[in-house]
Amino acid sequence: MLLDQRRLPGDVSYLECHSAADVADAIRKLAVRGAPAIGIAAAYGYALAAARGDDLDEAAAVLLASRPTAVNLPWAIAEMRRGDQGPAALAARALALHEEEVERCRRMAGHAAGLLEPGTRALTHCNTGALATGGVGTALGAIREGFERGLVVHVLVDETRPLLQGARLTAWELERAEVPYSVVADSAAGSLMARGEVDAVLTGADRIAANGDAANKIGTYALAVLAGHHGIPFYVVAPSSTVDLAARSGADIPIEERDPGEVSERFHARNPAFDVTPAALATAIVTEEGVHRPPYQESLAGLGRAREEVAG
Ligand code: MRU
């Protein structure tokens, strides 16, 4: 059962998935979205295929083909394909992977909140909260933690064209958490920064390369450039399951091109769903392991080792 994010904020309704193909379809159509949540859903989809006695190679292939950018998806499938492939073992592994992702959120939110000053007016993009992760969130988890510590006083929420993950999902989460927020048009960010109304920008990531280049929702790169121009810290908050040390730089990250109909139903359109923020524009990258500073090639390298050790 997946909370169908396409229907939020109007309806809180659930989608039943009966096969790995159903889960892949839910990922492709954004019923479930956000890098960690995509990985968790894929793990459950794989366990579901085992419970049904389906071919596990086919299940892995159909899930892996659903969306290309978030590395959490191939990471989760790789975790699931390690060891005992029996239905009970796989169900337990999917649950464990989910619980571990919740714990990673809790830890990274704590580390990132420690970077925020009292009185922070934070700006964020897309949705990086509970809906995107299963836990408290990545960037939005840090913002919520910062609010609970009395550091964050207001959140500017980019509406996030074309599918409005900010205006529909982040606003819904902040309203429920009673955190003061305002939705703004994506194109308002620059002038709000120029007027001194933004103290920090926090975003998530779908894949972080070994050199610190980070792919995230389209529009993130523009925000990072604007933050750099205005001398505002730009923090990328993501779990180690989003770090892909096999990608040397952003050039190795596949960028999803979605249906142009999501941008314009009438006119010719392009719809790149993600962009890459060069490492040089990130003030810090925060994972559950702590705050990573440039040079990221060195500060992220330990994560790969930690992941290998976890993988056994
Ligand atoms: O297309 P989406 O909605 O799946 O894109 C999600 C994002 O870009 C998030 O910022 C990213 O997955 C990090 S979520 C913790």
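A: The axes of α2 and helix α4, which covers residues 72-80, come within 8 Å and cross at roughly 35° (axes are lines fitted to C-alpha atoms, for helices over the stretch in contact, with angles from 0 to 180 degrees between N-to-C directions). On the α2 side, this contact is made by Ala35, Pro36, Ile38, Gly39, Ala42, Ala43, Tyr46 and Ala47, and on the α4 side by Asn72, Leu73, Ala76, Ile77 and Met80 (contact means heavy atoms within 4.5 Å). Sorted by class, the residues of the contact of α2 with α4 are 11 nonpolar, 2 polar and no charged (nonpolar are Ala, Val, Leu, Ile, Met, Phe, Trp, Tyr, Cys and Pro; charged are Asp, Glu, Lys and Arg; the others, Gly among them, are polar).

A word on the background: this is a predicted model, in which local features need pLDDT of at least 70 and side-chain atom pairs count only at pLDDT 80 or more, while totals for chains, interfaces and linings use all residues. Residues are numbered from 1 along each chain as its sequence is written, and side-chain values use heavy atoms, leaving out hydrogens and water. The names of helices (H or I, at least four residues) and strands (E, at least two) follow DSSP runs, numbered from the N terminus.

Now to another neighbour of α2. α2 and α3 pack with their axes 9 Å apart, at an angle of about 155°. That makes α2 roughly antiparallel to α3 (over 145 degrees counts as roughly antiparallel, under 35 as roughly parallel, 65 to 115 as roughly perpendicular and the rest as oblique). The crossing of α2 and α3 is right-handed. Here Ala42, Gly45, Tyr46, Ala49 and Ala50 in α2 meet Leu56, Ala59, Ala60 and Leu63 in α3. The residues of the contact of α2 with α3 divide into 8 nonpolar, 1 polar and no charged.

Helix α1 (residues 20-28) and helix α3 (residues 56-64) have axes that come within 8 Å and cross at roughly 10°. That makes α1 roughly parallel to α3. Ala20, Ala21, Val23, Ala24 and Arg28 of α1 make the contact with Ala59, Val62 and Leu63 of α3. By class, the residues of the contact of α1 with α3 are 7 nonpolar, no polar and 1 charged.

What is the volume of the largest pocket? The largest pocket has a volume of about 480 Å³ (on a 1 Å grid over the protein atoms alone, a pocket is an open set of points with protein on both sides within 12 Å along at least five of seven lines; a cavity is a set where a 1.4 Å probe fits but cannot get out; lining residues have an atom within 4 Å of a point). A volume is the space filled by probe spheres set on the points, which are joined across faces, edges and corners. Of the 19 residues that line the largest pocket, Met1, Leu2, Ile40, Ala41 and Tyr44 lie nearest its centre. The elements that give two or more residues to this lining are β1 (2-3), α2 (35-52) and α6 (130-133). α2 gives the most, with 5 residues. The lining of the largest pocket has 14 nonpolar residues, 5 polar and no charged.

A search of the whole structure finds 2 cavities of 30 Å³ or more. The largest cavity has a volume of about 180 Å³. It is lined by 19 residues, with Arg33, Gly34, Ala35, Asn127 and Asp206 closest to its centre. Two or more residues of this lining come from each of α2, α6 and β8 (214-217). The largest share, 3 residues, comes from α2. In the lining of the largest cavity, 7 residues are nonpolar, 8 polar and 4 charged.

To sum up, α2 crosses α4 at roughly 35°, packs against α3 at an angle of about 155°, and gives the most residues to the lining of the largest pocket.

How values were computed. A crossing is left-handed if the near helix is turned anticlockwise from the far one by less than a right angle, and right-handed if clockwise.
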